[in-house]
Structure formats: C-alpha cells, structure tokens
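Please look through the sequence and the structure shown here before reading the report, which is written for someone meeting them for the first time.

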Amino acid sequence: MAEDFRSRFRVLTDGSDAPLGADHHIFVGPQHPWAEEPAHFIIHVKGERVVEANIRIGFNLRGMEKAMEARTWRQNTMLIPRACGICSAVHQNVYVRLVERLAGIEDQISERARLIRMFSCEAERVHSHMLWYGILAHDTGFDTLFHVTWRDREIIMDIVEDISGNRVNPALMLIGGVKRDLPKERADKARPMINDLIKQVEYHKKVFTEEASIVNRLENVGVLTKEDAKKLTPNGPTARGSGLPYDIRKTFPYELYDDIDWNLVYYTEGDVLATTLVRLDETLESLRMLNQILDRLETASGELLQRVKPRISEGKYMTRAEAPRGEDIHYGIANGTDKPERYKIRAPSLGNIDATLKRMDGEYIADMPVILRSYDPCFSCTNRVMIINQSTGEKKIMGQDEFALKAIKAKKYNRPFF
Amino acid sequence: MSDALSELENILNITIPKDFVEEVVKVEEGHFDIISPFEKAYALMKILHDDAGIYHLTTISAYEKDDSFNVCYHIQHRIEEEVKEIPINFIITKIDKDNPKTPSMIDFFVAADYYERECYDFYGIYFNDHPFMERLILPEKWPDDVRPMKKEYSWEQIREITLNLAKQISEDD
Amino acid sequence: MSKKKLLVMGGEAIKNQVKGPVTLHISERLEKHPPPEDIRTIPRIIEEKCIMCGTCVKVCPTHCLWMEKDDKDNGMIWLLRPQCMWCGHCQTYCPKDAIHIDREPSLSVSLFSFNVRQDYEMICAKGSFKGEKAEKKLAEVIEEGAKTIKEIEEFRS
C-alpha cells in the first residue's frame with residue numbers, strides 16, 4: 001500500500017522530491033492571506049493542473065502535552081479547551097469523561113449535568129459549521145453569503161454567551177459535572193432564537209443547493225472516492241462526504257446521544273459539495289437536538305457537580321468524541337498522584353490533511369482554495385503543541401521571515417525551495 | 001484473559017495465535033486493549049489488517065513505562081451495517097529504552113507515516129522499515145539528542161533549551 | 001423569472017435599508033445584549049470564612065493567586081488581575097465556600113487591563129498580615145513586575 005498511497009507529509013528539504021511532470025511549484029504559507037493558520041503547502045503543477053500537493057507542518061508547536069504533565073488534573077481542565085481555537089468544549093468533554101472514568105465515578109454524573117454538556121457541545125458544532133461554510137462561500141467568491149451566514153452566526157454566539165459567559169470557550173465542564181446550571185429563564189430566552197436560526201440555516205442550505213454560481217464551484221470538484229477514503233483514514237465530515245457513515249455519537253455513543261432522537265448524515269458523492277451538505281445538514285440536526293435538550297432540561301434533575309478527589313488512581317483510558325471537524329481522541333495515563341503521567345491529544349485536522357491533499361490531484365489551480373478549505377483547517381489542532389513564552393515568540397517571527405525570503409528567492413530564480 | 005480474547009476473536013471473526021498476545025483486556029463494552037511484545041507485533045497487525053479488515057488508524061501514542069517504551073496504536077474495527085465501531089488499543093510493550101526500535105506499520109496504514117514520525121520526534125523511537133524517518137514537528141535546528149517528551153527533561157529544561165535555540169538563531173541572523 | 005428575482009432582490013434591499021445596519025457599535029451592542037453579570041469577574045474572599053488552606057492557590061490554572069501565611073488566622077492572598085481568566089476553579093473547590101465571584105457589573109468592564117506584570121491586588125489579609133505587612137508585600141511585587149518589564153524590553157531591543 002505504501003507504494004500506491006504516499007503520505008503527503010513527506011517533503012524533502014532539498015526539493016529533490018518534486019514529481020517529474022511538474023513545471024511550476026506554488027508555495028502557500030506559512031504566512032499567507034488565504035489561510036490564517038501556519039502551514040506550508042507545496043503544490044506542484046503542470047500547466048493549470050495540479051500534479052501533486054504536499055504539506056509541511058510544525059510552525060505552531062505549543063508543548064501542551066508536556067505542559068499538562070507539569071500541572072494537576074484539576075488545573076488541566078482549563079488548559080485542555082485551549083487545544084483548539086474553536087472546538088474547545090469537545091476537548092473539555094473528552095478530558096472530563098476520561099478523568100471521571102479513571103476516578104471511577106462515570107456512572108454518578110447526573111442527567112442534568114450530561115444534558116448541559118451536550119448543549120455546550122452541540123452549540124459549538126453549530127457555530128463552527130456556520131463559520132466554516134461562511135468562509136467557504138468567501139473562498140468561492142460569494143461574499144454576500146459569507147456576510148449573511150456570519151450575521152446569523154451571531155444568534156448562536158449570543159446563546160453560548162448567555163449560558164456560559166464566553167463566546168467561543170464556554171468551559172462549562174468540570175471533572176464530576178458542570179460548573180453552571182442552565183436556568184429556565186435562559187432556556188426560554190434561547191428557544192425562539194434557536195427556531196429563528198433553524199429558518200436561517202434552511203435558507204443557507206437552499207442557497208448552497210440551488211444557486212448556480214456556488215454549486216458550479218463545488219460540484220464534482222475534488223472527488224475523494226470511498227476506496228481512497230478507506231486507505232487515507234479521514235474522519236468527521238470529510239469521511240461522511242465520501243460515504244463512510246461513521247460518527248462517534250452513533251458508533252460509540254457517549255453522554256446521552258443514544259437517548260436523543262437524531263439522524264446520521266452522510267453523502268456518497270465525495271466532492272466538496274457533499275462535505276458542505278454534510279455540514280449544513282449536521283447544523284440543522286444539531287439545532288433540533290438543542291431544542292430537544294432544552295425540553296428535557298425542564299424535567300431533568302440531579303446534582304450538578306460530584307466531589308472528586310484530586311488524586312486519580314492508577315490506570316489508562318482512551319476516550320473519543322465527535323468534534324465539529326471529526327474524531328477527537330485523548331489517551332491518558334494516571335499514576336496515582338494529582339498529575340497525569342502521560343496525556344496524548346490527537347485533534348481531528350491532522351488525520352484529514354492526507355485525504356484532502358489527495359483530492360487535489362488532477363484538479364485546476366483555481367479550485368485549490370476551495371479544496372484546501374474543505375476539511376476545515378485548524379492548525380492549533382494539527383500541531384497542538386506550542387512554544388512557551390513571549391521571548392520565544394520572537395524566534396518564530398525570525399524563522400518565518402527567513403522562510404518567506406527563501407520562498408521569494410525560489411520563486412524568482414525558478415528553483416526548488418530550500 | 002481468555003474470556004476477553006475469545007470475545008474479541010468472535011467480534012473480529014478471526015483466530016489470534018496464543019503466543020502473539022501477552023494479554024487482552026476488556027476495558028468496557030466493545031473496547032479492548034491488546035498487549036503484544038514487539039517481536040510479534042507486525043505479524044499480529046497483519047492478521048488484524050488482512051483477515052479482520054481493520055483499516056482505520058486513529059492515532060499512535062508512545063509513553064514510558066518503567067524502563068521501557070510502549071507504543072499504542074489506536075485502531076478501530078468498523079462494522080458498516082450496524083454503524084458501529086470497536087476501538088482497540090494495540091499496545092506494543094518492552095521496547096528497549098537505550099536502543100528503541102519497533103516495526104513500522106506503514107504497510108497497513110498510510111496514516112501511520114506521520115504519527116510514527118511524531119513519536120520519533122518526541123521520544124526517539126525508531127520504526128524499522130519506515131522509508132522516511134525524518135523530523136515532522138520539531139524545529140529544524142532543534143538539538144538531535146533532545147527528545148522533549150521523555151521524563152528526564154523537565155518543563156523548565158525544555159523552556160531553557162527553547163530559549164537558547166531562539167537566541168542562537170537570532171544571533172546567526 | 002428574472003423579473004421576479006429582480007423584484008425579490010429589490011425588496012430585500014429596501015427592507016435592509018429600513019432595518020439599518022446589522023453591525024452595532026460595541027456600547028450599543030452591550031446595551032442590547034449585556035454579558036451575563038455573574039460570570040466575567042474576578043474572585044472575592046470573605047475574610048471571616050477563609051482558613052488559609054491554600055486550595056485556591058493550588059487549583060488556579062493560570063497561577064494568578066499567591067499566598068503567604070503563618071497559621072490559619074494570619075495570612076494574605078494576592079491576585080494578579082489580568083492573568084485571571086474567570087474560570088471559577090477557586091470558587092468551585094473552596095472547602096469553606098469563602099470565595100465567590102464578584103457580581104459588580106462595573107468591575108467586568110474595568111478588568112480589561114493589559115499590564116500583566118504589575119496589576120496586583122490584595123484580596124485577603126488576615127490577622128497580623130493586615131495593614132502594613134500586606135501593603136509592603138504589594139509594593140514589593142509591583143516593583144518586581146516593573147523589573148521584569150525592563151528586562152523584557154532590553155531583550156527585545
């Protein structure tokens with residue numbers, strides 16, 4: 001298999017790995033107006049067609065796993081949502097479930113606490129997906145839709161702010177339960193807002209499926225077949241757009257997802273439009289789930305927070321959850337003290353890059369931004385390990401300047417990078 | 001042990017030779033740990049991949065245990081008709097700390113490439129037969145002998161090394 | 001078909017003109033949608049209840065609390081205000097419920113300070129630490145902060 005499918009992360013620093021057919025090489029990033037995130041894409045083209053696309057990562061190393069070993073389990077509850085800029089609640093959810101299991105209290109979490117956790121996760125999925133398809137519309141040149149989606153996104157942001165105090169980092173979960181209640185008056189305030197938003201998202205879906213100027217940019221672009229997807233192990237909406245119907249909320253249910261009525265969304269076409277529709281439908285499903293959760297919260301009762309001792313007994317456990325971008329996995333090992341022995345985080349974006357770059361083979365350069373956007377790039381996810389203090393920030397800026405200079409030179413003299 | 005092993009064999013519809021595994025642990029309903037010594041790991045993964053049809057590798061995590069390294073492959077057995085996943089933690093034990101070498105699983109999973117290189121970066125574990133064992137995440141000028149996730153380096157030491165590196169680079173320019 | 005579309009578009013344009021802009025000035029926005037008042041503020045300690053156990057200092061994820069004590073009646077706790085991220089761990093884990101989150105709405109606005117080296121505040125001083133000793137300590141840490149700022153500036157230049 002290694003011969004047919006090569007990982008796209010292999011980039012030689014002397015440039016000798018360029019494919020034979022390519023006549024030009026396009027470098028994108030790590031500083032580029034298209035992407036806010038630091039990654040270096042190398043796109044080899046022949047004429048207007050892409051021959052091969054590769055990536056280099058590692059510009060945003062934060063040392064988070066190491067940092068967690070130096071902090072206590074309780075302190076880490078507030079560090080872990082910083083693993084990702086936008087899917088913070090789901091990281092915290094995975095973390096608290098892991099620690100609860102190691103502490104042996106996973107059965108004692110009350111229904112109410114679980115529902116509030118789910119509310120936070122689903123609200124996050126809604127605002128993350130809306131942000132993404134807004135930017136996708138911007139990439140296709142349809143800026144009106146970009147403005148419209150981002151205007152409507154404020155509704156869900158307001159709901160999140162109401163219940164948690166923050167817009168993108170609710171940080172509601174603690175080991176043993178949740179920090180704050182979701183009182184009835186706030187639920188009543190949120191319900192009409194959710195219903196408004198459902199109407200708006202249905203309108204967005206109508207635009208994405210009927211408006212010719214956007215459908216033509218997305219349909220049959222960057223097709224990833226099911227066979228390729230199986231080999232390249234994408235996850236989340238990228239995989240569900242290619243006909244792999246795996247969503248951890250269904251395949252390995254956690255919290256109360258098996259108790260709530262919702263549908264698994266997947267498409268079999270495998271193009272960028274399919275991944276877009278997966279996200280649009282998921283947004284609608286999540287919004288309906290939010291309504292159900294609010295209804296159930298009226299009767300659900302129970303203690304919000306269980307007492308957990310600071311020392312966690314020895315053991316190891318793996319938990320997963322469905323983040324907006326895909327499958328989020330944590331693996332924790334406790335050694336009986338109040339600090340973790342080892343904690344491993346793998347956020348979804350890293351698993352999706354290979355499959356996305358495979359989509360580019362043989363496509364036009366003009367479709368490149370759309371395809372690269374299709375997996376919802378999030379590089380705080382990808383190299384979740386970053387440098388520690390302000391003075392080191394300096395070093396990075398220097399490094400990137402050097403990088404940019406080299407890139408310009410390489411372009412100028414038409415020679416390989418480095 | 002044998003209960004968990006036979007249950008797993010039933011689910012995967014294969015037979016696992018007894019000497020290939022050290023232990024099979026049932027963590028919870030539909031979630032297993034397979035613990036295997038590194039000499040047999042490749043052959044066992046071949047059975048899991050070819051016969052049981054496991055194709056999804058979620059990630060690889062390495063960790064230190066006493067005086068050896070362990071490498072854990074988090075793989076998923078997927079049953080498409082039931083929309084169900086059986087997570088399996090495939091743990092390779094007893095990798096010598098002084099000369100850490102273990103078979104690469106790149107023949108079965110494309111994704112093993114970068115996850116294995118990540119382990120190589122952070123722990124210095126060398127995966128045999130990996131065609132491209134190079135640095136993935138750490139900076140280019142990072143000292144070769146420093147493997148930052150090892151327990152022998154404390155948080156403060158790593159910070160010092162990073163600061164020295166930053167100073168050195170800014171002086172070079 | 002196109003005529004109908006034009007009409008719809010025209011209607012939308014007129015509607016949006018009447019409605020006014022969606023984006024609002026920050027002060028208008030805060031009036032319309034105030035942030036929940038019980039969340040975005042820093043911890044306050046009820047001195048009578050506090051037993052100087054140090055739990056709040058241990059659980060603080062950002063290390064923004066410090067303490068010095070002789071015994072359970074004599075001690076002080078001080079706080080670096082801009083470093084506090086309002087997580088509420090100190091409130092959750094306090095064994096005596098001595099810490100509560102300040103609900104004064106004006107405070108949540110005044111918290112946007114960017115002086116992360118000097119903006120200290122003494123939030124609890126008991127017994128012999130009250131008064132002179134606490135003030136002295138506060139002045140000391142603020143001076144230390146000034147030194148750090150100087151060092152960083154030197155490193156940068």
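This is a predicted model: local features need pLDDT of at least 70, side-chain atom pairs count only at pLDDT 80 or more; totals for chains, interfaces and linings use all residues.

Residues are numbered from 1 along each chain as its sequence is written, and chains are lettered from A and ligands numbered from 1 in the order in which they are written.

**Confidence**

For the complex, the predictor gives an ipTM of 0.92 and a pTM of 0.89. Chain C has an average pLDDT of 83, and 89% of the residues score at least 70; pLDDT is the predictor's confidence in each residue, from 0 to 100. Within chain C, confidence is lowest in helix 5 (residues 105-110), where the mean is 56, and highest in helix 3 of chain C, at 90. Helices (H or I, at least four residues) and strands (E, at least two) are DSSP runs, numbered from the N terminus.

**How the chains meet**

Two residues are in contact if their C-beta atoms, placed from the backbone, lie within 7 Å. Two pairs of chains touch, and the most contacts are between chains A and B. Chain B and chain C, by comparison, are joined by no contact, and their closest C-alpha atoms lie 10 Å apart.

Where chain C touches chain A, the side of chain C has ten nonpolar, four polar and one charged residues. In this classing, Ala, Val, Leu, Ile, Met, Phe, Trp, Tyr, Cys and Pro count as nonpolar, Asp, Glu, Lys and Arg as charged, and the others, Gly among them, as polar.

**Domains**

Domain bounds come from an automatic or database domain assignment, and the table sets out the result for two chains.

| Chain | Domain 1 | Domain 2 | Distance between C-alpha centres |
|---|---|---|---|
| Chain A | 24-61 + 349-412 | 64-344 | 26 Å |
| Chain B | 2-136 | 138-173 | 31 Å |

In chain A, 24 residues of domain 1 are in contact with 28 residues of domain 2. Helix 12 (349-359), helix 13 (368-373) and helix 14 (379-382) of chain A each supply at least two residues of the side of domain 1 that touches domain 2, and the largest share of that side, eight residues, comes from helix 12 of chain A. By class, this side of domain 1 of chain A has ten nonpolar, six polar and eight charged residues.

In chain B, the contact between the domains takes six residues from domain 1 and six residues from domain 2. Helix 3 of chain B gives the largest share of the side of domain 1 that touches domain 2, with three residues, and the residues of that side divide into two nonpolar, one polar and three charged.

**Cores**

A nonpolar core is a set of buried Ala, Val, Leu, Ile, Met, Phe, Trp, Tyr and Cys residues joined through C-beta atoms within 7 Å. A residue is buried if 20 or more other C-beta atoms lie within 10 Å of its own, exposed if 12 or fewer, and partly exposed in between, with C-beta atoms placed from the backbone. The largest nonpolar core has 152 residues, and those with the most contacts inside it are A:Val99, B:Val71, B:Cys119 and B:Ile125. Helix 4 (residues 111-139) of chain A gives the most to this core, with 13 residues. Apart from it lies another core, of 24 residues, including C:Met52, C:Val59, C:Leu79 and C:Ala98.

**Helix 3 of chain B**

The end C-alpha atoms of helix 3 (residues 112-123) of chain B are 16 Å apart, which agrees with the 16 Å that its twelve residues should span at 1.5 Å a residue; the expected span is 1.5 Å times one less than the number of residues. Twelve of the twelve residues of this helix are buried, and they pack against strand 3 (56-65), strand 4 (68-79) and strand 7 (126-128) of chain B. The helix is followed by B:Gly124, whose phi is positive, near 80°.

**C:Val57**

C:Val57 lies in helix 3 (residues 55-59) of chain C. Is C:Val57 buried or partly exposed? C:Val57 is partly exposed, because 15 other C-beta atoms lie within 10 Å. Leaving aside neighbours within four places in sequence, C:Val57 is in contact with C:Leu65, C:Trp66 and C:Met67. C:Val57 and C:Trp78 are 21 residues apart in sequence, and their C-alpha atoms are 9.7 Å apart in space.
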